[in-house]
Amino acid sequence: MPRLRLATRESALALWQTEHVAARLRALHPGLEVQLVPMSTRGDQILDRALAAVGGKGLFLKELEVAMLEGRADAAVHSLKDVPMDLDGPFVLPAILERADPRDAFVSQHHARLDALPEGARVGTSSLRRQAQLRALRPDLELLDLRGNVNTRLAKLDAGQYDAIILACAGLQRLGFESRMSERLSPQRLLPAVAQGAIAIECREGDETTAAWLQGLDHALTRSCVEAERAMNRALHGSCQVPVAGFAERAGTRLRLRGLVGRVADGRLLRAEAEGPAADPQALGLQVAEALRAQGALELLGH
């Protein structure tokens, strides 16, 4: 029986996502044996500092990529928002699954909405993208770092360390915590991270056998949307070390992409949006990036 080994982080969310991919693959290819290869990454181990200070979200990929290069795994499953704009090494993304809810969730035990928070309330998030936009929406809030997996973050909220926290809707839904969402924040209010809600599968470039097993899971509309977002982010030299947001959605036969660059210190935000053919998402991403650059985005990002 042919076998496919999927490398994954050991967090509950990463394991859920990889089990989901494995189940989809088994249904698609009944003769395929799919195994999980869980492993810990540096991004999971370093919890006392913000990701931006220790090398960014690429820390979640490195060990998984080494496992593929050494032949201990055939593919790796990621949250696409954690995948750097340029893959480091001979890797490709043969499958991007249909995107789940891309929005951010406001989570609080005592307040139903972000607008209901009292002045000076403590809000937890380590995302610079979220911090910059929250600073613009509510400059009175005290924004505090928040690391750890979803369960850890919810436990810190429940222990009273924060009045509210901001998490991705998709992660909460996947782990069965949908009831914890006090408010789903629309993209108009809090623009999501590039590729938020999408799961990607990575494999070695040139491994046509593995790519062929995976390609049946690829969702064309999601791929075109996230390619537009990632092209914009790449052109802005974006990473988790800078506050960049982007969200594309279908508008008939076209895509509409909204992009944002922010500054955490004062909540200054630059916004741009454009429409373009769904068949050319890269060009749309570059167009929105250029509109943001024309407003001074690179200076705001410190480039």
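What follows is a walk through the fold, from overall shape to a few individual residues.

First, a word of caution: this is a predicted model. The chain has eleven helices and 13 strands. How does its radius of gyration fit with a compact globule? For 303 residues, such a globule would come out near 19 Å, and the chain has 19 Å, so the two agree. Along its principal axes, the C-alpha trace spans about 60 × 45 × 35 Å. Buried residues account for 53% of the 303 in the chain. If you take contacts between residues at least 6 apart in sequence, 69% of them join residues at least 24 apart.

Now for the inside. In soluble globular proteins, nonpolar side chains tend to be buried together. Here, the largest nonpolar core has 33 residues, and those with the most contacts inside it are Leu-80, Met-232, Leu-236, Val-261, Val-288 and Leu-292. The elements that each put two or more residues into this core are β4 (91-96), α9 (220-235), β11 (244-251), β12 (254-262), β13 (269-277), α10 (281-294) and α11 (297-301). Helix α9 gives the most, with five residues. Apart from this core lies another one, of 17 residues, among them Val-34, Ile-199, Cys-203 and Leu-217.

Leu-292 is a handy spot to look around from. Setting aside neighbours within four places in sequence, its contacts include Met-232, Leu-236, Val-261 and Ala-297. Gly-259, Leu-260, Leu-270, Arg-271 and Ala-272 are also in contact with Leu-292.

Next, find β4. Five of its six residues are buried, so the strand is largely enclosed by the rest of the structure. It pairs with strand β10 (residues 199-204) in the antiparallel sense, over four bridges.

Follow the chain on from β4 and you reach Arg-99, in the loop between β4 and β5 (104-107). Beyond its sequence neighbours within four places, Arg-99 is in contact with residues including Ala-193, Gly-197, Thr-222, Glu-229 and Phe-247.

Besides Arg-99, the contacts of Glu-229 outside its sequence neighbours within four places include Val-194, Ala-195, Gly-246 and Leu-257.

In α4 (residues 62-69), the buried residues are Leu-64, Glu-65, Ala-67 and Met-68. Seen down the helix axis, they fall within an arc of 155°, so they line one face of α4. What covers them includes β1 (3-9), β2 (33-39), β3 (75-79), β4 and β10. Just after α4, Gly-71 takes a positive phi of about 80°.

Helix α5 (residues 128-137) has Arg-129, Arg-130, Gln-131, Ala-132, Gln-133 and Leu-134 as its buried residues. Its N-terminal end is capped by Ser-127, with a side-chain oxygen 3.3 Å from the backbone nitrogen of Arg-129.

Notes
Residues are numbered from 1 along each chain as its sequence is written. This is a predicted model: local features need pLDDT of at least 70, side-chain atom pairs count only at pLDDT 80 or more; totals for chains, interfaces and linings use all residues. Side-chain values use heavy atoms; hydrogens and water are left out. A nonpolar core is a set of buried Ala, Val, Leu, Ile, Met, Phe, Trp, Tyr and Cys residues joined through side-chain atoms within 4.5 Å. Buried means under 20% relative accessible area, exposed over 50%, partly exposed in between (1.4 Å probe, protein chains only). Contact means heavy atoms within 4.5 Å. Two strands pair if DSSP finds at least two bridges between them. A polar contact is a pair of N or O atoms within 3.5 Å; within protein, one must be able to donate a hydrogen and the other to accept it, and residues adjacent in sequence count only if both atoms are side-chain atoms. The arc is that of the directions from the helix axis to the C-beta atoms. The radius of gyration is taken over C-alpha atoms; the globule rule is 2.2 Å times the number of residues to the power 0.38.
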